[in-house]
Amino acid sequence: MKGGISPWWAKDRFADRRPFVQKRAVIAGRLRQLFADSGFTEVETGILQVSPGNETHLHAPRTEIHGASPAAVSRYLRTSPDFSAKKLLAAGEKQIFEFARVFRDRERSVLHLTEFTMLEWYRADEPYSSVMADAVAVAAAAADAAGARQFAFRGRVADPFAEPERLTVADAFMRFAGIDLLPSIADGAGDRDRLAASAGQRIRIADDDSWSDIFAKVLVEHVEPNLGNGRLTLLYEYPAPEAALARLKPADSRVAERFELYACGVELANGFGELTDAGALRRRFSHAMDEKFARYGERYPIDEDFLAAMGSMPQASGVALGFDRLVMLAVGATSIDQVVWAPQDFDETR
């Protein structure tokens with residue numbers, strides 16, 4: 001026992017959690033059927049990767065692998081299955097999904113696990129409006145499988161069966177923070193000083209905060225708490241500096257074809273109209289790794305095989321959804337630990 005708390009496998013603690021994890025299995029089965037009925041193929045891709053992804057603030061555990069040669073090579077536990085999934089699209093798959101075990105270091109809270117399950121799916125040759133509709137259907141199916149009429153978390157509720165609210169990021173910033181976001185973006189980059197001038201009365205801004213830092217503070221403090229209340233919210237058209245792996249909107253390069261799905265103030269899913277331009281991806285990855293090195297003193301390699309696959313990948317859209325979070329909201333749990341069979345039980349004070 002640590003600090004007087006019995007281990008997760010103690011019968012009394014497990015008995016409290018067992019109804020939740022039983023419903024987890026039912027929800028997973030329903031979602032597998034949902035995707036199968038829509039013509040998707042379930043895939044399984046590797047956990048160990050040359051690169052865990054190239055985003056500034058994502059951190060991955062690393063290990064050493066010994067093959068036939070005595071020399072060890074570094075591999076990372078993936079933060080997402082997206083690189084492998086997109087290689088499968090390049091190979092000719094059209095509609096795929098995966099319940100993927102993924103890993104993210106430096107993340108642990110009632111909403112975050114270091115090791116968790118990501119439900120990720122892709123549609124080749126379809127716009128990201130198609131996967132936005134998928135995400136809403138997945139949420140409704142999960143609630144129905146759990147026998148829930150609403151999602152609930154920390155006193156907030158959302159009806160997953162109602163027509164979702166659709167809100168652009170720019171509109172959300174104006175509505176909830178009084179900030180006109182788009183004038184601070186030009187040529188795919190953010191004007192830090194211009195956004196700081198607009199946001200200075202709403203958040204505390206440090207001298208070394210970048211445009212993205214200021215954006216994130218406003219989003220977390222003023223926007224996200226207002227999303228997914230009463231019904232789901234689809235927050236879309238993320239600003240170009242936050243495009244990640246999404247392509248820019250053809251009609252307005254200040255924003256990207258990226259969306260997130262919210263319920264009860266909780267982000268459930270992150271989706272893209274996928275960027276397939278290898279040169280643009282390399283530039284984004286390199287910039288992000290330069291920023292990671294400046295902030296954290298580390299950088300991850302770029303998966304050259306992934307960039308090579310982009311030459312054969314069709315236009316596509318995809319979504320990454322936090323399955324544990326979805327189950328948590330559907331069953332009315334108060335912490336993400338309650339909906340996993342074997343919670344991570346370690347002393348975080350060490």
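**Close-up 1. Arg 258 and Glu 260 meet in a salt bridge.** Their side chains come together with N and O 3.1 Å apart; a salt bridge here is a side-chain nitrogen of Lys or Arg within 4 Å of a carboxyl oxygen of Asp or Glu. Keep in mind that this is a predicted model, where local features need pLDDT of at least 70 and side-chain atom pairs count only at pLDDT 80 or more, while totals for chains, interfaces and linings use all residues. Residues are numbered from 1 along each chain as its sequence is written, and side-chain values use heavy atoms, with hydrogens and water left out. Are these two partners buried or exposed? Arg 258 is buried, at 10% relative accessible area, and Glu 260 is buried too, at 4%. The cut-offs are these: buried means under 20% relative accessible area, exposed means over 50%, and partly exposed is in between (1.4 Å probe, protein chains only).

Close-up 2. Helices (H or I, at least four residues) and strands (E, at least two) are DSSP runs, numbered from the N terminus. Asp 213 counts as buried at 13% relative accessibility, whereas Arg 295 is partly exposed at 34%. By the salt-bridge rule, the count comes to 23.

**Close-up 3. Glu 304 reaches Arg 282.** The closest N and O atoms of this salt bridge are 2.8 Å apart. It links distant parts of the chain: Glu 304 is in helix α8 (residues 304–309), Arg 282 is in helix α7, and they are 22 residues apart. Both are partly exposed: Glu 304 has a relative accessible area of 44%, and Arg 282 has 35%.

**Close-up 4. Helix α6 has a set of buried residues.** Among them, in the stretch 211–223, are Trp 211, Ile 214, Phe 215 and Leu 219. What covers them? The cover includes α4 (169–177), α5 (192–199), β13 (233–236) and α7 (278–296), with contact meaning heavy atoms within 4.5 Å.

**Close-up 5. Two strands make a hairpin.** Strand β14 (residues 248–249) and strand β15 (residues 252–256) run antiparallel and are joined by 2 bridges; strands count as paired if DSSP finds at least two bridges between them. There are 2 residues between the strands. Look for Leu 248, whose bridge partner in β15 is Ala 256.

**Close-up 6. β2, β4 and β3 form an open sheet.** The 3 strands come in the order β2-β4-β3, with antiparallel pairing. Since β2 (48–49) and β3 (62–66) stand at the edges with a single partner strand each, one side of each is left without a neighbour in the sheet. β3 pairs with strand β4 (residues 72–77) over 5 bridges, and Thr 63 stands opposite Arg 75 in β4.

**Close-up 7. Gly 147 sits in a loop.** The loop runs between α3 (128–146) and β7. Gly 147 is exposed, at 65% relative accessible area. Gly 147 and Lys 23 are 124 residues apart in sequence, and 9.1 Å apart in space, C-alpha to C-alpha.
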